[in-house]
Amino acid sequence: IKLYFINEIQLYFCAYCLKVYQNHLCMEIFKNAVIFYTIFNFCYSIAIAQTPENFLGDFLLKMANIKSGELVYSVKNKPFFKKDTIEANVHLAFVNLNNTDSFLLKAEITDRTILIYDFQRFFRADIKRKILTVEASNWDEVYKSINHYNYIPITSQGKNLLNYTSTAKLRTKDTTVNNISYKLLHLYKAFSDEDTAFKNLNFYYFLNKDNWVPEKYIFTIEGFGNLQYVELNLFSAKFNHLKEKRFKQVLQNRINDLSVNYAVKQSFSSPDLNKNLLDTGMQAPYFTLQKFGGDSCYFQAKTSELYLLDFWYISCYPCQLAIPHLQKLYMRYAKNGLEVAAIDIYERDTAFLPDLIKRKKITYPIALNGKAVANQFGVKTYPTIFLVDSEGKIIYRSIGFSEAEMSKIETIIKKTLKIEN
């Protein structure tokens with residue numbers, strides 16, 4: 001509305017100036033008016049450009065124009081539930097593929113790993129052990145697996161920023177580090193206790209004022225008394241100088257060299273993480289796990305009308321978002337024959353469960369150390385939810401979390417248990 005209003009003022013102001021000029025009333029008035037209009041427009045454009053939202057838009061637009069690059073940088077990564085910080089130096093080269101979201105990539109992590117993606121295969125070379133792993137893959141899976149070593153946040157992680165801007169706060173400020181002037185782009189979000197067990201999510205981009213390149217990138221998130229921390233510091237960068245055809249040949253030469261000098265340990269034929277996931281109509285395997293609180297958690301057919309099995313782990317953010325919905329389903333339909341079991345795949349989570357159960361008011365059973373059972377079901381993505389009927393047959397499965405998906409699950413529960421609205 002503000003932009004439209006200002007543009008209307010500009011339009012009428014120009015018309016007025018033109019009318020004055022055409023009538024030859026006063027050339028001085030016209031000259032002064034044009035000067036005023038120019039100054040007004042300049043000052044207004046500066047004010048608009050300096051708002052955090054417009055600054056973010058300009059930043060992402062400039063980064064989208066980066067089609068190739070060669071970077072040298074350091075990485076510090078402190079994962080959840082680990083005391084030590086992983087440190088490494090990385091030499092990364094990448095080329096965008098035909099203006100898509102995919103990249104050809106070669107990353108050499110000093111004395112540790114060589115990563116190559118040629119659009120069809122993902123190569124991981126263990127330098128110390130001289131082992132080369134090859135698997136068919138797509139860019140999304142490659143990006144997830146190298147995320148904490150990857151400086152393609154310069155182009156790709158703009159999606160992360162945009163995903164959070166509707167619920168998080170954005171601010172910018174000028175800052176100086178080692179006598180270099182930066183524009184700091186800071187996105188932050190404080191989670192409420194009702195939302196998740198996480199809190200204080202932060203993205204920091206230190207943008208060089210001369211070229212907009214983020215020379216330092218920091219990501220932090222707190223939860224469960226732990227901190228996950230990632231920091232990337234750029235040493236050198238060169239952009240838009242690599243060509244796709246030539247870079248493909250460079251990758252192929254490196255692959256050939258690794259194939260000769262390294263032992264090929266594995267080869268996968270499918271890029272799909274969920275290729276072994278049990279599907280609708282299949283029989284669910286029976287299992288027995290220890291339940292939090294000491295009892296055993298059994299799953300076998302004909303003991304309940306309908307089962308909801310939720311495979312999750314405590315530091316999984318989408319898993320956290322699903323908890324209130326699962327609790328509501330359990331409270332509403334347990335009396336109609338719905339049995340809910342949340343299968344936590346990590347034994348390490350046990351220490352954090354009492355606080356989570358209390359804060360989220362969870363009353364459905366939580367089964368512990370369920371990684372082996374998750375493997376039986378073919379689960380590799382979390383959360384994954386199965387609805388299983390009284391005969392042990394899977395009638396629905398859901399991967400990931402969304403409000404719409406939870407509504408669909410409730411609809412299927414009501415239909416299966418013959419519950420009318």
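Predicted model: local features only at pLDDT ≥ 70, side-chain atom pairs only at ≥ 80, totals over all residues.
A crossing of two helices is right-handed if the near helix is turned clockwise from the far one by less than a right angle.

H7 passes H10 in a right-handed crossing. H7 covers residues 317–333, and H10 covers residues 403–416. Their axes are 11 Å apart, at an angle of about 15 degrees. Angles under 35 degrees count as roughly parallel, so H7 and H10 are roughly parallel to each other.

Who makes the contact? From H7, we have His 325, Leu 326, Leu 329, Arg 332 and Tyr 333. From H10, we have Glu 403, Met 406, Ile 409, Glu 410, Ile 413 and Lys 414. By type, that contact splits into 6 nonpolar, 1 polar and 4 charged residues.

Now step back to the whole chain. It has 10 helices and 19 strands. There are 421 residues, and 44% of them count as buried. Take the contacts with a separation of 6 or more. Residues 24 or more positions apart account for 61% of those.

On to the core. In soluble globular proteins, nonpolar side chains tend to be buried together. Here the largest nonpolar core has 94 residues. Those with the most contacts inside it are Leu 308, Leu 309, Phe 311, Phe 377, Phe 386 and Ile 413. Ile 413 also belongs to the H7–H10 contact. Strand E15, residues 306–312, gives this core its largest share, 6 residues. There is a second, separate core of 15 residues, with Ile 114, Ala 125, Leu 258 and Tyr 262 among them.

Look at Leu 309. Which residues does Leu 309 touch, leaving aside neighbours within four places in sequence? Phe 287, Phe 299, Ala 341, Ile 343 and Phe 377 are in contact with Leu 309.

Next, the backbone. Tyr 382 and Pro 383 are joined by a cis peptide bond, with omega about -5 degrees. Pro 383 sits in the loop between helix H9 (371–377) and strand E18 (384–389).

Asn 179 lies in the loop between strand E7 (169–177) and strand E8 (180–189). Buried or exposed? Asn 179 counts as exposed, because its relative accessibility is 77% and the cut-off is over 50%.

Lys 418 falls in the segment after H10. Lys 418 is exposed too, with a relative accessible area of 73%.

How values were computed:
Residues numbered from 1 in each chain as written. Heavy atoms only, no water. Core = buried A, V, L, I, M, F, W, Y, C linked by side-chain atoms within 4.5 Å. Buried < 20%, exposed > 50% of the residue type's maximum accessible area, 1.4 Å probe, protein only. Helix = DSSP H or I, 4+ residues; strand = E, 2+ residues; numbered from the N terminus. Contact = heavy atoms within 4.5 Å. Axes fitted to C-alpha atoms, helices over the stretch in contact; angles between N-to-C directions. Parallel < 35°, antiparallel > 145°, perpendicular 65-115°, else oblique. Nonpolar A, V, L, I, M, F, W, Y, C, P; charged D, E, K, R; others polar.
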